[in-house]
Amino acid sequence: MFHHVVFFYLKKDLTAAQRAEFEAKLRGLLKIKTIHSGYVGKPSTHAVRPIIDTTYDFAEFFVFKSHADHDAYQVDQIHQDFIKDCKNYWESVKIYDFE
């Protein structure tokens with residue numbers, strides 16, 4: 001299995017409508033067929049401790065059955081459209097892949 005974790009740090013001056021559009025398009029990535037399982041969310045406010053990083057705005061956690069499935073996800077039109085439509089909304093992105 002191949003795991004893909006992405007943290008999005010959005011620009012602070014986004015409107016509520018822009019944030020809602022970003023979240024909808026981020027959740028739209030879950031339609032990509034090569035994703036075995038996936039989750040999208042915001043930082044949890046449940047267990048706040050100094051060691052937990054909650055500075056990001058949204059995160060995605062996708063699991064792929066293979067590297068080939070991950071590579072297909074990267075070039076999938078839904079993913080490419082998300083980047084094109086939303087790249088102006090984020091200040092930075094951090095990606096962590098592991099197997």
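Two strands are taken to pair if DSSP finds at least two bridges between them, and strands (E, at least two residues) and helices (H or I, at least four) are DSSP runs numbered from the N terminus. The structure is a predicted model, in which local features need pLDDT of at least 70 and side-chain atom pairs count only at pLDDT 80 or more, whereas totals for chains, interfaces and linings use all residues. Residues are numbered from 1 along each chain as its sequence is written, and side-chain values use heavy atoms, with hydrogens and water left out.

Four strands form an open, antiparallel sheet in the order E2-E3-E1-E4. Strand E2 (37-41) and strand E4 (90-98) stand at the edges with a single partner strand each, so that one side of each is left without a neighbour in the sheet. From one strand to the next, the twist averages 10 degrees. Strand E1 and strand E3 (residues 58-64) run antiparallel and are joined by seven bridges; within this pairing, the bridge partner of His3 in E3 is Val63, and Phe7 stands opposite Ala59 in E3. E2 and E3 also pair in the antiparallel sense, over five bridges, and here Gly41 stands opposite Ala59 in E3. With buried defined as under 20% relative accessible area, exposed as over 50% and partly exposed as in between (1.4 Å probe, protein chains only), E3 is mostly covered, six of its seven residues being buried.

Contacts between residues or elements are counted where heavy atoms lie within 4.5 Å. His4, placed in strand E1 (residues 2-10), counts as buried because its relative accessibility is 4%. When residues up to four places away in sequence are not counted, His4 touches Glu60, Phe61, Phe62, Phe64, His70, Tyr73, Gln74, Ile95, Tyr96 and Asp97. Polar contacts are pairs of N or O atoms within 3.5 Å; within protein, one atom must be able to donate a hydrogen and the other to accept it, and residues adjacent in sequence count only if both atoms are side-chain atoms. By this criterion the side chain of His4 makes a polar contact with the side chain of Asp97, at 2.6 Å. His70, found in helix H2, is likewise buried, with a relative accessible area of 8%, and it touches Phe2, His4, Phe64 and Asp97, again not counting residues up to four places away in sequence. The side chains of His70 and Asp71 are joined by a polar contact of 3.3 Å. His70 and Ile35 are 35 residues apart in sequence, and their C-alpha atoms are 7.6 Å apart in space.

In helix H3 (residues 77-86), the buried residues are His79, Phe82 and Cys86. Seen down the axis of H3, these residues fall within an arc of 55 degrees, so they line one face of the helix; the arc is that of the directions from the helix axis to the C-beta atoms. The face turned away from this buried side carries the exposed residues Gln77 and Lys84. What covers the buried residues of H3 includes E1, H1, helix H2 (67-75) and E4. At the start of H3, a side-chain oxygen of Asp76 reaches to within 2.8 Å of the backbone nitrogen of Ile78.

Rings of Phe, Tyr and Trp (its six-membered ring) are paired if their centres lie within 6.5 Å, with planes under 30 degrees apart counted as stacked, over 60 as edge-to-face and the rest as tilted. The structure holds twelve aromatic pairs. One of them, formed by Phe22 and Phe82, is tilted, with 5.7 Å from centre to centre and 50 degrees between the planes. This pair links distant parts of the chain, since Phe22 lies in helix H1 and Phe82 in helix H3, 60 residues apart. Phe22 is buried, with a relative accessible area of 0%, and Phe82 also counts as buried, at 5% relative accessibility. The rings of Tyr39 and Phe61 have their centres 6.3 Å apart and their planes at 15 degrees, so this pair is stacked; it links Tyr39 in strand E2 with Phe61 in strand E3, 22 residues apart. Tyr39 counts as exposed, at 52% relative accessibility, whereas Phe61 is partly exposed, with a relative accessible area of 28%.

Conventions. Axes are lines fitted to C-alpha atoms, for helices over the stretch in contact, and angles run from 0 to 180 degrees between N-to-C directions.
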